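Please consider the following structure with attention to its charged side chains. The paragraphs below go through its salt bridges one by one.

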Amino acid sequence: MLFSPFSQEMSMHHTTIRLCTAADASVLGELVYVLIHELKPDTPITVADFIQRATQALAHPAYAAYLMLQDQDIVGFISLNECCSTYAGGAFGEITEFYVRPQFRSRQYGEQLLSHAKAIAHSKNWRELEVGAPAFPRWSRTIAFYKNNGFKEIGPRLSLDLSHS
């Protein structure tokens with residue numbers, strides 16, 4: 001498995017970050033549902049659809065998701081994909097999903113999840129870690145978070161939906 005060196009639990013200040021397994025597909029699917037509906041409230045995709053998608057993603061060798069817990073409460077999660085390109089000089093990482101529940105925001109949990117992702121990136125010798133941020137200016141705090149954590153803007157990310165063609 002791509003991320004096996006980090007499959008054990010890692011504790012940080014009364015929190016735990018652990019690799020999601022197939023048994024976490026329901027939790028992960030529900031978190032992604034909330035994330036997507038926060039970004040795009042009119043998204044027609046159901047929780048059940050996201051649980052099915054989480055099951056498929058967790059089975060993919062290039063994908064890994066990490067849950068952050070505080071005691072028994074779910075704080076949030078971050079997911080990573082290993083990618084490869086000529087411009088990056090080989091393998092690099094991409095943050096594909098990143099969510100901290102509202103009641104835990106502005107309390108350094110996002111920084112802890114991001115720090116965990118950076119540690120994985122270093123262990124994999126990835127030359128870059130990329131993220132697609134939501135549209136500015138509505139999500140200016142999100143953009144500022146990434147910039148404050150060392151990310152630089154490289155341009156907008158675009159998507160082509162191939163599910164209907």
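The side chains of R105 and E38 form a salt bridge, with an N to O distance of 2.9 Å; the term denotes a side-chain nitrogen of Lys or Arg within 4 Å of a carboxyl oxygen of Asp or Glu. R105 belongs to the loop between strand 5 (90–100) and helix 3 (109–123), while E38 is part of helix 1 (residues 25–39), so the pair ties together parts that are 67 residues apart in sequence. Helices (H or I, at least four residues) and strands (E, at least two) are DSSP runs, numbered from the N terminus. R105 is partly exposed at 32% relative accessibility, and E38 is likewise partly exposed at 24%. Here buried means under 20% relative accessible area, exposed over 50%, and partly exposed in between (1.4 Å probe, protein chains only).

The model is predicted: local features need pLDDT of at least 70, side-chain atom pairs count only at pLDDT 80 or more, and totals for chains, interfaces and linings use all residues. Residues are numbered from 1 along each chain as its sequence is written, and side-chain values use heavy atoms, with hydrogens and water left out.

In total, the structure holds 3 salt bridges. Side chains of opposite charge can pair when their charged atoms come close. Another such pair joins D24 to R18, with the closest N and O atoms 2.8 Å apart. D24 is buried, its relative accessible area being 8%.

The remaining pair links E153 and K147, whose closest N and O atoms are 2.6 Å apart. E153 is exposed, with 60% relative accessible area, whereas K147 is partly exposed at 43%.
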